Amino acid sequence: MKRFRPLPAPLAILLLLLPSAFNANASTAGEEMADAAKNFLQALSPDQQAQATYALTDEERFDWHFIPKSRKGVPLKEMSPTQQKLAQALLSSGLSHRGYARAVTIMSLEQILADLEQGKGPRRDPDLYFFTVFGKPGTKDAWGWRVEGHHLSLNFVVRGDSVLSATPTFFGSNPAEIKDGPRQGLRVLGSEEDLGRQFVKSLAGDQLKAALIAIKAPSDIITGNSRKAQLLNPPGLPAAQMTGEQKELLLNLIKDYAFRHRAEVASEDLQKIQKAGFDKVHFAWAGALEPGQGHYYRVQGPTFLLEYDDTQNNANHIHTVWRGFENDFGEDLLRRHYEEVPHGK
């Protein structure tokens, strides 16, 4: 048997220091978003810059939606190939690898809808996704950015190296499952459906009775595109009445939504949920328990709400949203900041 030979001391020390050195030089989430936003804006023409930028205080920041309609900002369709690449870099700066893949796949479904509807529905185009920047990235002041189009709305507020807010966040999918053609079987939001159903099917007796809030699912997410989310009633089954295994299943479902965002942002949201008390988190379900039939669920706690609905188009059309009760659009943190830090006129 070969005997283990320790590394020379200088090499061993170097290997121990490498992770710290890399971490010390790593950019923060806020810095990376600011760099990506500046690179994007600098590549735009003056007219495009005027179209893409608003003040952080502009009411346009709160005019969010997920239906097929025109938005403010500059759409991918009006960008050069170089500008499109920089826009995609900005998009990816706020998301995890998985979240980014889901976002661009959702965009690609517009071509599926165009083929299915053959011009009979709303205008469908994978390049009708609009990029907007609020405020000036890379300064000491807070700023924000948004990417939005049909079935996708991402809203971020940043100050310095910190991401103050990453909600509301909307991901949708139509079709939820592509039934035929070369992309048959694609389910962009398949894990959201599967994890939700796996959890509700772990419930029995009084647990299931508390979680089932309606026999028929609502026709859409209840909060819609509201400017501010509120706790929804009835709340459903509290985590305090779940087994350890059920709590783990519920946490996995919550993580699936949270980690659409990059890890630093998701981890901070999860820490807030734990700090507020995981036993205070509630799960509610409405509609059928079996696949292919209309169903809805929501998970909410003191700090957050997530909603899922699959009822439209014969239960093959998913809407999902992640909201922050205290800090959608970064409003509460920004208000606190301006109250605590004097700002000159």
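Here are a few friendly notes on the aromatic side chains of this predicted model.

1. A word on confidence to begin with. The protein chain has an average pLDDT of 91, and 89% of the residues reach at least 70. Residues 1-24 are another matter: pLDDT stays under 50 there, and the model gives this stretch two contacts beyond four places in sequence. Where pLDDT is low, the predicted coordinates should not be read in detail.

2. On to the rings. Searching the whole structure turns up twelve aromatic pairs. One of them joins Phe-40 and Phe-131, with ring centres 5.9 Å apart and planes at 50 degrees, so this pair counts as tilted. Phe-40 belongs to helix α2 (residues 29-42) and Phe-131 to strand β3 (residues 130-134); the pair thus links distant parts of the chain, 91 residues apart. Both Phe-40 and Phe-131 are buried.

3. Next, have a look at Tyr-297 and Tyr-308. Their ring centres lie 4.6 Å apart with the planes at 10 degrees, so the pair is stacked. Because Tyr-297 is in strand β11 (residues 295-300) and Tyr-308 is in strand β12 (residues 304-310), the pair ties together parts eleven residues apart in sequence. Tyr-297 and Tyr-308 are both buried.

4. Finally, two arginines to find in the viewer. Arg-227 has its charged end over the ring of Phe-62, 3.7 Å from the ring centre. The charged end of Arg-260 sits over the ring of Phe-171, at 4.4 Å from its centre.

Technical notes
Residues are numbered from 1 along each chain as its sequence is written. This is a predicted model: local features need pLDDT of at least 70, side-chain atom pairs count only at pLDDT 80 or more; totals for chains, interfaces and linings use all residues. Side-chain values use heavy atoms; hydrogens and water are left out. pLDDT is the predictor's confidence in each residue, from 0 to 100. Contact means heavy atoms within 4.5 Å. Rings of Phe, Tyr and Trp (its six-membered ring) pair if their centres lie within 6.5 Å; planes under 30 degrees apart count as stacked, over 60 as edge-to-face and the rest as tilted. Helices (H or I, at least four residues) and strands (E, at least two) are DSSP runs, numbered from the N terminus. Buried means under 20% relative accessible area, exposed over 50%, partly exposed in between (1.4 Å probe, protein chains only). A charge sits over a ring if NZ of Lys or CZ of Arg is within 6 Å of the ring centre and within 35 degrees of the ring normal.
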